[in-house]
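Thanks for coming. I will take the ligand site, then the interface between the chains, then the salt bridges.

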Amino acid sequence: MTLLEIQDLNVGVDSREIIRGLDLMVNAGEVHAIMGPNGSGKSTLSHVIAGKPGYEVTGGHILFRGEDLLEMEPNERAAKGVFLAFQYPVEIPGVTTMNFLRTALNAQRKARGRGELSTPEFLKKVREVAGSLNITRDMLKRGVNVGFSGGEKKRNEVLQMALFEPSLCILDEIDSGLDIDALRIVASGINGLRSPERAMIVITHYQRLLHYIVPDYVHVMSKGRVVKSGSKELALELEACGYAQFETAA
Amino acid sequence: MTQVLAKADAGCATSNFLASALERLPGAGLVPHIRARAFEAYARAGLPHRRMEAWRYTDLRALIGEVLPLAPRPDAAALARAKASARRVAVDQAVKLVLVDGIFAPELSDLGELKNELHVQSLREVLENSATGAMAGLVLSTTDDAVIALNAAMASDGLVISIAEGNTIRRPIQIVQVATGSSVSAFTRSYLQLDKGAHATVVQSFISAEGASGYQANDVLIALAGDEASLSHLRIAADAADAVNISSGIIAVGTRAKLDLFSMTCSGSINRYQGFVTLGGEGSKLSANGVNLVKDKLHADTTIVVDHAVPHCTSRQKFRAVVDDCGRSVFQGRIVVRPVAQKTVASLSTRALLLSDQAAADNKPELEISADDVTCSHGATSGALDNNLVFYLRARGLSEMDAQMLLIKAFIGESIEEIFADNLRDFVTAQAEHWLQERL
Ligand SMILES: Nc1ncnc2c1ncn2[C@@H]1O[C@H](COP(=O)(O)OP(=O)(O)O)[C@@H](O)[C@H]1O
Ligand SMILES: [Mg+2]
């Protein structure tokens with residue numbers, strides 16, 4: 001089943017073109033890696049899928065389960081099952097992680113026509129997932145991401161992904177700033193969420209992550225388009241030869 | 001009485017106005033003389049204006065122009081309306097003292113079992129009882145501030161409360177000040193004395209009855225927290241949308257005593273809270289916090305002057321303002337550290353959140369430090385909600401409104417969380433959330 005269908009997408013910021021005729025098709029159960037040099041538009045693509053204001057879509061469309069995603073508010077997209085793990089998760093002082101998780105989870109459940117979780121059910125769920133990601137109770141009591149290290153912030157993104165049970169997960173450089181142990185924890189958390197109903201788009205600059213999260217497809221992005229698609233071997237090829245060959249191709 | 005007390009142009013008035021008011025104002029013996037002197041002091045200065053540093057952002061001459069005539073004594077109908085409104089702001093567990101249009105209303109007040117632990121008199125009683133003439137001078141004392149002088153001249157009633165040495169009053173004492181009239185003014189003055197080691201919480205709520213509009217409230221609270229005493233004082237202004245409220249707190253804190261001050265303004269047209277705190281005993285501590293919740297055309301000014309008069313005192317202040325529509329929030333925080341006040345620790349943080357393009361906030365921290373061995377810090381910011389934070393929350397399933405609400409609550413929570421008692425913190429939180437809901 002096709003979850004995400006992007007056709008001839010064009011996106012600009014302040015009248016500058018950033019995404020220029022991008023196509024991408026993602027089916028349930030698949031893991032796609034998007035690789036590309038800095039500035040090629042990977043984060044922009046993830047923001048546009050999630051609905052961040054400030055981008056102008058000048059052409060093309062994005063369908064999610066056949067529905068026009070671009071017409072939806074960001075929270076509607078989340079409720080439909082779109083989840084973006086941010087490259088740079090923000091800090092929210094004064095809102096404890098626990099309160100945030102609960103508010104967000106209940107908002108999504110409500111939009112999906114499900115009731116709120118009871119406090120014990122919620123706590124059980126959070127503690128289970130948090131434990132597997134080495135997220136301490138103290139972190140859950142602190143303001144969202146406040147005083148978290150880079151790795152802790154990334155683990156907090158994966159925690160949310162596990163709680164919200166999205167059908168499309170976009171992971172924007174989930175590996176950046178992680179040491180090898182943290183990378184293992186994060187990757188195993190993500191791998192545990194792979195399922196036939198769920199698709200993932202793993203955005204990364206480096207091949208390293210793809211040793212841990214093995215993709216079905218690899219796309220190379222350069223200057224706002226997908227310039228080459230292939231199987232997981234493409235990532236190895238990139239590791240050997242670098243992005244330079246694609247810079248000119250675009 | 002339809003004449004006004006002070007005209008905008010001159011900002012002063014003739015003593016005829018006082019003479020006619022005096023007939024209705026309580027006070028025997030020297031009291032009329034004290035009032036006349038206070039009125040002269042007011043008349044010399046007139047209403048404060050922007051060329052006076054302390055009133056730079058709140059030019060009363062321009063903003064209110066004139067002082068309205070005294071409210072009539074509340075009749076039975078007014079008392080009934082006041083009663084209905086007072087119920088809505090009742091703090092859980094509090095004993096209640098109600099002033100209606102500037103007059104103490106014993107029939108709406110109830111001290112419960114605290115009758116025996118608290119010594120409560122009305123200001124009227126104190127001023128009319130010649131045996132307490134010295135007390136009258138104390139209660140009606142003035143500063144060089146014209147609105148405080150005017151209040152001394154015109155105060156019609158208030159409460160004089162004293163708590164004896166070592167007494168701990170567990171239930172909050174709530175003074176509810178209700179306005180029922182329109183285009184009239186009420187001058188109230190209360191006096192609070194905590195003897196050595198006494199503990200108490202006093203909440204002052206300013207509200208209006210259904211239908212009251214365009215009134216002016218001028219209140220002064222003089223409080224003394226004796227050595228090792230602990231006083232929590234909350235002041236919550238929720239006046240009618242077109243009302244003026246000028247409240248002044250003059251509070252002295254003794255040796256190793258503690259004062260927790262919290263001020264919240266959530267409605268009205270012009271609001272000024274000015275708190276003057278003197279840390280006059282070594283080892284005393286002040287925690288002063290507050291929020292201005294400002295929308296429509298409200299002008300809300302919180303001005304706090306802390307005088308570190310002796311060594312080893314601590315003051316911590318956190319003020320937050322949320323400003324929407326064409327509202328304006330002013331925060332002035334002056335910290336004076338006297339030459340003798342070594343080892344002073346003082347901090348002041350003021351932040352304003354602007355929710356509309358027309359919203360404005362003025363933050364003026366002012367440190368006058370004359371001692372060298374001190375730790376003082378201050379920070380002031382103002383700005384809009386961070387769109388990246390709003391988007392993060394929306395991407396996690398919150399509507400734009402809910403995302404904003406959560407962030408605004410967190411923002412004002414930084415100040416509200418400083419309120420020590422759970423029930424009062426919950427009370428203030430509920431009032432703030434009510435304001436946020438109404439904004440939608
Ligand atoms: N808000 C923005 N305003 C202006 N330029 C932007 C903005 N966001 C991204 N860009 C530009 O778009 C290009 C792509 O950025 P980005 O999507 O972050 O790339 P990547 O994630 O692949 O490193 C870069 O040249 C970047 O400078
Ligand atoms: Mg990026």
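**Ligand site, interface, salt bridges**

Let me begin with Thr44(A): one of its polar side-chain atoms sits 2.5 Å from an oxygen atom of ligand 1. Please keep in mind throughout that this is a predicted model.

The protein covers 64% of the accessible area of ligand 1, which on its own has 560 Å². At Gly39(A), a backbone N or O atom is 2.8 Å from an oxygen atom of the ligand. At Lys42(A), a polar backbone atom is 2.9 Å from a ligand oxygen atom.

Which residues surround ligand 1? Reading along chain A, they are Val13(A), Arg16(A) and Ile18(A), and then a run from Pro37(A) through Asn38(A), Gly39(A), Ser40(A), Gly41(A), Lys42(A) and Ser43(A) to Thr44(A). Sorted by class, that shell has six polar, three nonpolar and two charged residues. Two elements of chain A, strand E2 (16-27) and helix H1 (42-50), each supply at least two residues of the shell. H1(A) gives the largest share, with three residues.

Now the interface. The size of an interface is often given as the accessible area lost when the parts come together. Between chain A and chain B, the buried area is about 1800 Å², with 69% of it from carbon and sulfur atoms. On the chain A side, the residues that lose the most area to chain B are Asn75(A), Phe86(A) and Val90(A), and together they make up 26% of what that side buries. In terms of contacts, 30 residues of chain A meet 14 residues of chain B.

How many residue pairs are in polar contact across this interface? The rule finds nine, counting pairs with both residues at pLDDT 80 or more. Which elements of chain A give two or more residues to the side that touches chain B? They are helix H2 (74-80), strand E6 (82-85), strand E7 (92-96), helix H3 (97-111) and helix H6 (150-164). The largest share of that side, six residues, belongs to H3(A). By class, the chain A side that touches chain B comprises 18 nonpolar, eight polar and four charged residues.

That leaves the salt bridges. Two are found across the interface of chain A and chain B. One pairs Arg396(B) with Glu157(A), where the closest N and O atoms are 2.7 Å apart.

Over all chains, the count is 29 salt bridges. Among them is a pair within chain B, Asp307(B) and Arg338(B), whose side chains meet at 2.6 Å, N to O. This pair links distant parts of the chain, 31 residues apart: Asp307(B) is in strand E14 (residues 299-308), while Arg338(B) lies in the loop between strand E16 (328-337) and strand E17 (345-354) of chain B.

That is what I have; questions are welcome.

Conventions
Residues are numbered from 1 along each chain as its sequence is written. Chains are lettered from A and ligands numbered from 1 in the order in which they are written. This is a predicted model: local features need pLDDT of at least 70, side-chain atom pairs count only at pLDDT 80 or more; totals for chains, interfaces and linings use all residues. Side-chain values use heavy atoms; hydrogens and water are left out. A residue is near a molecule or strand if one of its heavy atoms lies within 4 Å of it. A polar contact is a pair of N or O atoms within 3.5 Å; within protein, one must be able to donate a hydrogen and the other to accept it, and residues adjacent in sequence count only if both atoms are side-chain atoms. Accessible areas come from the Shrake-Rupley method with a 1.4 Å probe; for residues, only the protein chains shown count as cover. Helices (H or I, at least four residues) and strands (E, at least two) are DSSP runs, numbered from the N terminus. Ala, Val, Leu, Ile, Met, Phe, Trp, Tyr, Cys and Pro count as nonpolar, Asp, Glu, Lys and Arg as charged, and the others, Gly among them, as polar. Contact means heavy atoms within 4.5 Å. Buried area is the accessible area (1.4 Å probe) that two parts lose on being put together, summed over both. A salt bridge is a side-chain nitrogen of Lys or Arg within 4 Å of a carboxyl oxygen of Asp or Glu.
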